[in-house]
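Hi,

Here is the model I promised to pass on.

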Amino acid sequence: MSEKSPQPRRSPAAGGRPAKPYRRPQKDPVRMLAFEALRAVDERDAYANLVLPPLLKKARQNESFQARDAALATELVYGTLRRQGTYDAIIAACVDRPLREVDPPVLDVLSLGAHQLLGTRIPTHAAVSASVELARVVLGDGRAKFVNAVLRKIAAHDLDAWLERVAPPYEEDAEEHLAVYHSHPRWVVSALWDALGGGRAGIEDLLEADNERPEVTLVARPGRSTPEELVEALGEESALPGRWSPYAVRMAEGGEPGALEAVREGRAGVQDEGSQLVAMALAAAPVEGRDERWLDGCAGPGGKASLLGALAAQRGAFLLASEKQPHRARLVERALAGNPGPYQVIAADGTRPPWRPGSFDRVLMDVPCSGLGALRRRPEARWRRRPQDLEGFAPLQRALLREALSAVRVGGVVGYATCSPHLAETRVVVDDVLKGRGAGNLPVAAELIDARPYMEGVPALGDGPDVQLWPHLHGTDAMYLALLRRTA
């Protein structure tokens with residue numbers, strides 16, 4: 001099968017059939033938008049959750065673009081990205097060359113078509129014809145014929161039948177089987193399985209949860225808004241209470257959070273419940289003596305800082321929110337604007353901090369990481385990350401934790417958090433710092449304290465003393481938290 005342009009049609013004079021009159025390809029705004037989003041993700045390493053909103057906003061300027069069109073475009077983008085590994089395996093079985101030799105724009109059109117055929121209820125003929133029409137618009141008639149031929153092969157079987165064909169049996173290669181079935185890179189499957197432990201059922205539940213569309217969860221910032229206000233604004237039919245956080249409200253039917261007055265005014269925000277639980281646990285852990293100065297040492301983009309700031313204000317405590325990148329520090333300022341208690345936002349490097357050692361009673365250090373705990377929200381991250389990326393994060397994570405323990409006073413508490421369940425970013429970092437392994441010995445004495453009692457009511461928190469949240473068990477991102485108390 002080839003992408004080459006077809007030979008010129010034979011003319012009637014040459015004995016061939018009369019050529020069909022040329023028809024100009026019709027632009028489908030939904031599929032064009034989805035294609036543009038996928039190209040931005042591929043070409044610019046953009047994130048879909050940042051690319052899609054402005055594209056949708058522009059599309060809504062046309063009155064013919066309805067809410068159902070926005071919903072379909074969103075499903076096409078996120079569904080294609082989540083199932084990319086599975087679709088790549090299927091497409092590879094239908095072409096006569098390695099996928100790396102297929103032009104990326106062609107592969108994007110094929111993937112969009114595969115998702116419509118195998119991952120939605122769009123009728124087969126509509127999925128194929130719409131994808132071929134998109135190919136005519138963005139690729140030209142020649143490559144549209146290639147797209148048509150490949151998609152007709154894909155349409156010959158449903159998803160289950162294709163998986164039986166392209167995935168190795170579980171008994172022969174368990175990790176590769178799960179990687180193809182659940183559309184995760186093999187190394188990610190292996191890392192998640194190690195962190196989760198247990199048998200096949202648990203890892204399959206986790207991988208399936210990674211491929212589900214996450215709920216939009218709001219936080220009513222204490223002292224500034226209430227869950228009841230958010231429920232009333234959304235309507236009881238469109239709102240669900242948080243599973244674990246008393247400040248959380250889930251948007252049952254999706255929707256636009258920015259349409260809510262409390263969100264526009266900064267009194268509420270969008271925040272995963274796992275992120276809320278981490279901030280709440282740090283605030284709930286007991287400290288010895290005073291409780292007046294709190295630090296968020298990696299505060300960008302400001303979700304945890306805004307909740308910490310609200311909780312600190314209720315106790316009359318001061319919050320310093322520090323973020324290395326100036327543009328992210330500005331996001332923190334925006335998130336904290338209007339906080340009722342005293343706070344300050346600075347742009348500073350947490351590994352070379354401007355504050356004196358022992359200055360704070362509570363410190364949160366939510367360190368930069370691989371983001372493997374948020375694959376529901378950023379599905380493209382699973383294809384973008386590489387195992388060697390963890391080697392780059394490791395020295396920074398250890399340095400930030402050491403500085404956090406130096407920044408807290410004796411008797412104070414540090415929360416080490418990361419949105420990754422990978423053991424190399426969680427328990428290994430904490431153990432190495434406490435035991436003085438790696439570059440730079442810990443200049444203070446510290447001990448782990450059990451974090452589980454400070455996530456009251458949350459089940460399946462393991463053996464402690466640290467906590468790992470999971471999408472399939474808790475409905476949250478896979479947030480990790482270790483609480484440490486400085487002892488000397």
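Predicted model: local features only at pLDDT ≥ 70, side-chain atom pairs only at ≥ 80, totals over all residues.

Numbering runs from 1 along each chain as its sequence is written, and side-chain values use heavy atoms, with hydrogens and water left out.

The largest nonpolar core has 56 residues (such a core is a set of buried Ala, Val, Leu, Ile, Met, Phe, Trp, Tyr and Cys residues joined through side-chain atoms within 4.5 Å; buried means under 20% relative accessible area with a 1.4 Å probe, protein chains only). L33, V77, L110, L118, V147 and I154 have the most contacts inside it. Among the elements giving two or more residues to this core are α1, α5, α6 and α7 (helices are DSSP runs of H or I, at least four residues, and strands are runs of E, at least two, numbered from the N terminus). The most comes from α1, with 9 residues. A second, separate core of 40 residues includes V219, L277, A281 and V458.

Helix α6 (residues 124-138) packs its buried residues against α1 (29-44), α5 (104-118) and α7 (141-154). After α6 comes G140, with a positive phi near 105 degrees.

UniProt, in an unreviewed entry, puts "active site" at C419; the positions follow the numbering used here, feature names are shortened, and annotations may be inferred rather than shown by experiment. C419 lies in the loop between β9 (408-418) and α19 (427-434) and is buried, at 15% relative accessible area.

Cheers

Conventions: Contact = heavy atoms within 4.5 Å. Buried < 20%, exposed > 50% of the residue type's maximum accessible area, 1.4 Å probe, protein only.
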